[in-house]
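Please look over the sequence and the structure shown here before reading on.

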There are 2 protein chains.
Amino acid sequence: MKRVRTRILIALLLFPVAAFAKDPLPSWNNGPAKQSIIAFVEKVTNPGSPDFVPTPERIATFDNDGTLWNEEPLPVQLYFVIDRVKALAPRHPEWKTTEPFASLLKSDMKGVETGGERGLVELIMSTHAGMTTVEFEKIVNDWIANARNPKTGKLFTEMTFQPMLELLAYLRANGFKTYIVSGGGIEFMRAWAERVYGIPPEQIVGSSIKTKFEMRDGKPVLVRLPELNFNDNNDGKVIGINQYIGRRPIMAFGNSTGDKEMLQYTQGGSGARFELLVLHDDGVREAAYGPARGLPKVPLVQFTPELDEYARQNGWTVVSTKNDWKRIYPFEK
Amino acid sequence: MKRVRTRILIALLLFPVAAFAKDPLPSWNNGPAKQSIIAFVEKVTNPGSPDFVPTPERIATFDNDGTLWNEEPLPVQLYFVIDRVKALAPRHPEWKTTEPFASLLKSDMKGVETGGERGLVELIMSTHAGMTTVEFEKIVNDWIANARNPKTGKLFTEMTFQPMLELLAYLRANGFKTYIVSGGGIEFMRAWAERVYGIPPEQIVGSSIKTKFEMRDGKPVLVRLPELNFNDNNDGKVIGINQYIGRRPIMAFGNSTGDKEMLQYTQGGSGARFELLVLHDDGVREAAYGPARGLPKVPLVQFTPELDEYARQNGWTVVSTKNDWKRIYPFEK
């Protein structure tokens, strides 16, 4: 009896993967997307396979907004900006008559948009800089503990994609290091990503502003400056991967034109590679946007017909949220 | 018999640390430095201790030159620069009459030094930029496979410090993630650090130049540009730690004024913290340089009397290579 228990213990220690043997991705419908993921993971982790990849090289990179969690009607960090501008407005009476602040304070998002990227950068700098890194982390944590999606009333952190959470766990159980590589703010994501995705701060690559080292009352602090350090979008994702990780991913996951270069770079390496794009075509359970395949065009993010065609030509897996995902959010039964 | 073997197997699986139980740091003489390291590791890893630190927060950062490997008579990367300038000289006839190249080609290091930091940056840009990241990695690997210290005739990669290799292994066996945070070039170190120190590319923070994403013959590449991206020295080390790791280290190791801010930042966190500086006072077995404690002043790196005094006042451990290290290099018996 004791010996049997001992054997089970050894089996559990040696083969943690066995726990997934039944179905590692229960929220994925059986279909080409799910099959392509499992076939890839099996061939790169099988020591007898010609496509075997040693554990340290099993790097998988994930875009965040629209890939790991919902980004509609707006990317979550924009709600943070909006709430911060409103909270700081009493200290900035001039904002009432200065764009893009005036439009934002009137909840006129069309007006904010006319300010373009420059207006957006101004909004970010005025809300993300001027405090220490420790203070900023607390601001984000306090906010995200209560912030809710205006459409569903759910916490933003509840609106992660269940199939992708399963995928993260499945890859980690197979020796992968999972990374976020996102256009979003690196310190914004680091504040909660470990709790929400199990991804630690050192595995998050994102856009950043500059910081300055200072001794304040004999204590060392980093002060956040209103100056862009790094824009982690498009080719920036490749530059960021090289800078932070220093290895080429063997799997990459995204959902928009901003992820194209990351997937190209992943595919450009030697040996087995895997690229996947999430196409949001389920307007009933989540949100439908493209403009690929006749889906509505929305502001800020795009899955264009050109990207769709490029994916097809290059053998990238395209996930249809409508057909490939059995469940969208963890709170669904 | 089989059952006994099974038990041993379980013991090995569950307690890899047990292998170190006798003496985790055999190349360290018994003394306050060794004792302070072991006492710290024991208290932060003991779940019953008030100083217990959960595994994900066990971050230890190490300077490289003079901390993990020898940097005398010159930091290793400078030998790389010298050899690259000589190799590229036939394509640059103008270098014969342009400083700092002219001095360097005549092996006149005093002449090179008069060019100051600007000259050094010029040397680095002309030897580290213009190729793809993949090409640069190959250049470094080809060079380091054969490059030798002019004083000892040993490969540079043989001149790592045995006590520090033991320390890296000891910390990793106790759940620490070990990082290099060095003023040296990030891609220069990444090419060989995993093989030499067991530290993977994603755990290396260093100085960097900018890169540019390009498609060449349908293949994505990153081209190295002659433009500084990040200077990972002094306060740069703190900025780099925040940018790359996103967590404050609980242990930090250095050997010069360039490491002071990293150790200050480490100490500035809450909970138990550990800071250590290596003082090279063994001119017989390695190299003696300061100028602290009357040791000779050398170019480029400094352990000043002020740093020595600051360490004393703040309870930082100072290692004397002469007294604290039983063995300096792995090749010594």
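## The interface between the chains

The structure is a predicted model. In it, 43 residues of chain A are in contact with 43 residues of chain B. The size of an interface is often given as the accessible area lost when the parts come together. For chain A and chain B the buried area is about 3500 Å², and carbon and sulfur atoms give 54% of it. On the side of chain A, the residues that lose the most area to chain B are A:Glu202, A:Phe213 and A:Gln243, which together make up 17% of what that side buries.

A salt bridge links B:Arg247 with A:Glu194, where the closest N and O atoms are 3.0 Å apart.

## What chain A contributes

Several elements of chain A give two or more residues to the side that touches chain B. Among them are the helices H1 (2-14), H7 (133-144), H11 (235-245) and H12 (260-267), as well as the strands S2 (177-185), S3 (204-216) and S4 (219-230). The largest share comes from H1(A), with eight residues. By type, the residues of chain A that touch chain B divide into 20 nonpolar, 10 polar and 13 charged.

## An enclosed helix in chain B

Helix H12 of chain B covers residues 260-267. Six of its eight residues are buried, so this helix is largely enclosed by the rest of the structure. The buried residues of H12(B) are B:Glu261, B:Met262, B:Leu263, B:Gln264, B:Tyr265 and B:Thr266.

## A buried strand and its partners

In a regular strand the side chains alternate between the two faces of the sheet. Strand S1 of chain A, residues 59-62, has A:Ile59 and A:Thr61 pointing one way and A:Ala60 and A:Phe62 the other way. All four of these residues are buried.

Strand S1(A) runs parallel to S2(A), and four bridges join the two. A:Ala60 stands opposite A:Thr178 of S2(A). S1(A) is also joined by three bridges to strand S5 (residues 251-254) of chain A, again in parallel. There, A:Thr61 has A:Ala252 in S5(A) as its bridge partner.

## Backbone features in loops

Most residues other than glycine have a negative phi, and most peptide bonds are trans. In chain A, a cis peptide bond with omega of about 0° joins A:Glu99 and A:Pro100. A:Pro100 lies in the loop between helix H3 (76-88) and helix H4 (101-105) of chain A. The peptide bond from A:Gly290 to A:Pro291 is also cis, with omega near 20°. The loop that holds A:Pro291 runs between strand S6 (274-279) and helix H13 (305-313) of chain A.

In chain B, B:Asn234 has a positive phi of about 50° although it is not a glycine. B:Asn234 is in the loop between strand S4 (219-230) and helix H11 (235-244) of chain B, and it is partly exposed at a relative accessible area of 31%. B:Arg293, another residue other than glycine, has a positive phi near 50°. Its place is in the loop between strand S6 (274-279) and helix H13 (305-313) of chain B. With a relative accessibility of 53%, B:Arg293 counts as exposed.

Key. Residues are numbered from 1 along each chain as its sequence is written. Chains are lettered from A and ligands numbered from 1 in the order in which they are written. This is a predicted model: local features need pLDDT of at least 70, side-chain atom pairs count only at pLDDT 80 or more; totals for chains, interfaces and linings use all residues. Side-chain values use heavy atoms; hydrogens and water are left out. Contact means heavy atoms within 4.5 Å. Buried area is the accessible area (1.4 Å probe) that two parts lose on being put together, summed over both. A salt bridge is a side-chain nitrogen of Lys or Arg within 4 Å of a carboxyl oxygen of Asp or Glu. Ala, Val, Leu, Ile, Met, Phe, Trp, Tyr, Cys and Pro count as nonpolar, Asp, Glu, Lys and Arg as charged, and the others, Gly among them, as polar. Buried means under 20% relative accessible area, exposed over 50%, partly exposed in between (1.4 Å probe, protein chains only). Two strands pair if DSSP finds at least two bridges between them.
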